[in-house]
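Dear colleague,

Please find the structure below, which I am handing over to you for your studies. My findings follow it.

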Amino acid sequence: MSRGRIARIVLWLAGIGACLAVIAQARFVADLSSFLPEAPTERQRLLVDQLKSGALSRMVLMGIEGATPEARAGLSRSVAGALRADPAFAGVANGSTAGLERERDLLLANRYALSPAVDPHRFSVAGLRESVGETIALLASPLGLAMGALVPRDPTGEMGVLLDRLAPSGGPLVRDGVWVSADGRRALLVTRTRTGAADIDGQARAMSTAQSAFAAAASRMGGEATGARLVMTGPGVFSVRARTMIESEVTKLSAAATAVVVVVLLWAYRSFVVLGLGLLPVLSGAIAGIAAVALGHGVVHGITLGFGTTLIGEAVDYSIYFFVQSRRGAAARDARGLDAFWPTIRLGLATSIAGFSAMLLSSLPGLSQFGLYSITGLVVAALVTRHVLPALAPTSLQVRDLSGIGRRLLAAMEAARPLRFAVLAAAAASIAVLATRTVPLWDRDLASLNPIGEADRALDAELRAGLAAPDARYLIAAFSPTQDGALAAAEAVGRHLDPLVREGTIAGYDSPAGLLPSLATQSARRASLPDEATLRARLAEALAGLPLRPGKLEPFIADVQAARLAAPLGRDAFRGTTLDLALDGMLYRDEAGQWTALVGLRGLGGVVERAPIDAALARAAVPGAMLIDVKAEADSLYAGYFEQAVRLGSLGAAVVCLLLALALRSVRRTARIVMPLAAALLVVVAFHALAGNRLTVPHLVGLTLVVAIGSNYALFVDGMAERPAEDNATTLASLALANFTTVASFGLLGTSSIPIVDAIGSTVAAGALLALVFCAAFAGRAKPAGVPA
Amino acid sequence: MISGHRPRRAESRLARLAAAIVAACLPALAWGAWDVGALMSLLAKNPPGNATYNEIKHLALLDAPVESSGELRFVPPRYLERRTTAPGREVLIADGDSLVLERGGRRMTLSMRDQPEIAVLVESIRATLAGDRGTLETLHALSVAGGIEGWTLTLLPRVPAAARLVTRIDVSGKQARIHRIEIQMVGGDRSLMLIRKAGP
């Protein structure tokens, strides 16, 4: 072995080793947050934070179905009890008020700091008379029974005011003590996990905890629970499910695609040595690609790995050309193995890089990863083919002659020549289809990237509707350097929302200040509480004529005096209660140390009109406070990506054309390459339109890939005009082989249930096939050899 | 004619005797059967119905009784609606386990399981109206006094959940109609509900 060969092999092995070391340290993720926007604006940053770890992302909705209503209620209670005791869950509600004693005690102890009704009027003679009179009226009702014991402590009914605020009317239906769906066929629970939806491991643990709590409860119940099952939805549940799906599909589809390629290569070459050598560039490229992503992005996404198969489709060509070449002259093989094809491969590589750059530059991290992976992988695969394969290949390497197949294909290609009119007709028909379509071609909805199936989304909507769970589409965010400042800002906003609630413009709002008033508000409320002597005197006057004697209200007087002297209610008081997490979601500090208070708006029938809210916000004049329409914001964010993908994709295509024109130095030849490609793209898009698929960012990515892969075919087919017929037969055979592996591997991706994967897979499989056929149809007639490419 | 008369008179005497015996026996039969079971099966036959009520509550906390009045509606076996019209408007619906309360423009849905106190009271009344002896006996020991034309059913709590709240409940009525419900609470509170126009 020559020194040069050994040096190359050592260099290659060292490179692979370094990449593997990087990969060993890399973090692999499979959640969809990589396909969540990196938010450019303040609103969008808030939105993304909320989606990743906000209060809503922690919500897991559960339904218990099957068995009898009594069994479902019993299971709901058991599961709720078990989850309340579990550290993975910060809050569990199933409609039962049992187990909320701590929360009740906390509210009762701090009612004078918390109740928005507490003001100087409330404790005047007239105010006391009013509120105590209402309490006495309530005592006459059966509900008075529950509060009767509380009257001596709370004759003004502050607890009632608080509960009204915190548990607005219109909650879910209650049957057998627990929440049920409107049709009564499901028992419902709302839980909040401790970890956000982005922490998929935490979410997965919480889900399995819930399932085992359910299984344990069902087995304790015995036969009665037969047929009962627990269903769950929520952002975290979706993340877990998406990850499971991505992981299982990535493994399955990659394995299947690899198997197909192996079988095809074995069939073509009938040699394990050739197969092994043929896969080396692909494997090296994949390893280098993953390492590059790990270095560049810090994390590697599962979907990126899934597209490892895309490399097979393109990089396997290189080794195929190498083998084709190696047949032609064993003597000159070393170091010059690809010489004849190298300029074509180099140009194909350049056009592919131009195509993938469109993705590399995307600000959607998932796509950018994919671009980086593909570019690195292709470059490394090409270099390994050119420099390492010749060094590794045994001198006695026998590669099967494929020219027999090639000649048959060549004949077919000659016969296909009249098809160029059919291709033009198909392109024209596609333009007609696209021009006359009735539904929009593009889908700019973020949900189109959601890997969660229709059934799961329907279940989520059902549970949400049954629970009257907030969809939290509208949020008002207020900011401050301090927690108390954020609370004060939320209060200022709330003061201007109150009139809208009274007028019925909105149903209500949830403010962190409702649970934790600002210090100023707390001290104003404390200042409204009269001292003991004054309170006694006012009570005596207020109760004159009422059937309640002041003597019965000593506990009230004591509580009011205690409240006057109490230290302000702080955030810590909520630790260990279900209110703690509610506050966490509404009041938090970001990495920069800024505090955010989020006020959730409850619309009437789910609808919030923006204009009155904006007007109220303007009146409140809280600096920086803003209304966020979560859905609109998410959609506009995605639309931004969409525009960017279109822009970058078009730019990529333009660069590809430019590269071709520069390399070929012939407008005619460039047109002959570009035309079949454009026709292939048109037909694929028209096919999607006819199938009723609306195009998303992944479709655009797929189209870019078609340009990248198809331009390779076009270049080789174009080059055929310059080469001897014997070469052309082998070239065509290897093109067909490469095309078959591409179509098969992407076609497999097209069967995925993950929309992102399916969209790219189906687009590329169809596009690559059409591109080759169309290129063949447009090929120029073979010329005598000797004209340089 | 005479010959024709005799047998007829004898027949009528016999008939009268038979009637007298039957008449004499009837009260005895009625008295013999007039127990909790008989009252319950009588009440169980009640169709859905509306009534008006007046309630006076004597609360230990208050110096004067509080009064309320309104309408009741009962659909056997588990739907009871109490619609208060004075002094304020309020609706309480007990349907199965759920309790719906509307008051001051607000509507609240509660579960009786979570409101054991209200549940004891609602269940005592509702099961009485429905003649549901099984449910009543899970809470109380039952005894009945008087006759079908004027009876009093006394419920004495026999489980802690009920005994914590009520000392006794007396329900009186005539035939299948309930006229009066008196509830004595632990701690001295008591309420008296008078029901008019019971039945459909």
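Two residues are counted as being in contact if their C-beta atoms, placed from the backbone, lie within 7 Å. Please bear in mind throughout that this is a predicted model.

I begin with the place where the two chains meet. Chain A contributes 27 residues to the contact, and chain B contributes 29. On the side of chain B that touches chain A, the elements giving two or more residues are helix H3 (116-130) and the strands E2 (66-75), E4 (90-95), E5 (98-103) and E6 (106-111), each of chain B. E6(B) provides the largest share of that side, with 6 residues. By residue type, the side of chain B that touches chain A consists of 12 nonpolar, 9 charged and 8 polar residues.

I turn next to chain A itself. Its secondary structure comprises 13 strands and 30 helices. Of the 789 residues in chain A, 52% are buried. Among contacts in chain A with a separation of 6 or more, 83% join residues 24 or more positions apart.

In soluble globular proteins, nonpolar side chains tend to be buried together. In this model, the largest nonpolar core has 211 residues, and Val706(A) and Ala771(A) have the most contacts inside it. Helix H30 (residues 755-778) of chain A supplies the largest share of this core, 18 residues. Another core, of 34 residues, lies apart from it and includes Leu487(A), Ala489(A), Ala582(A) and Val599(A).

Which residues does Val706(A) contact, leaving aside its neighbours within four places in sequence? They are Ala680(A), Leu681(A), Val684(A), Thr763(A), Val764(A), Gly767(A), Ala768(A) and Ala771(A).

Yours sincerely

Methods: Residues numbered from 1 in each chain as written. Chains lettered and ligands numbered in written order. Predicted model: local features only at pLDDT ≥ 70, side-chain atom pairs only at ≥ 80, totals over all residues. Helix = DSSP H or I, 4+ residues; strand = E, 2+ residues; numbered from the N terminus. Nonpolar A, V, L, I, M, F, W, Y, C, P; charged D, E, K, R; others polar. Core = buried A, V, L, I, M, F, W, Y, C linked by C-beta atoms within 7 Å. Buried ≥ 20, exposed ≤ 12 C-beta atoms within 10 Å, placed from the backbone.
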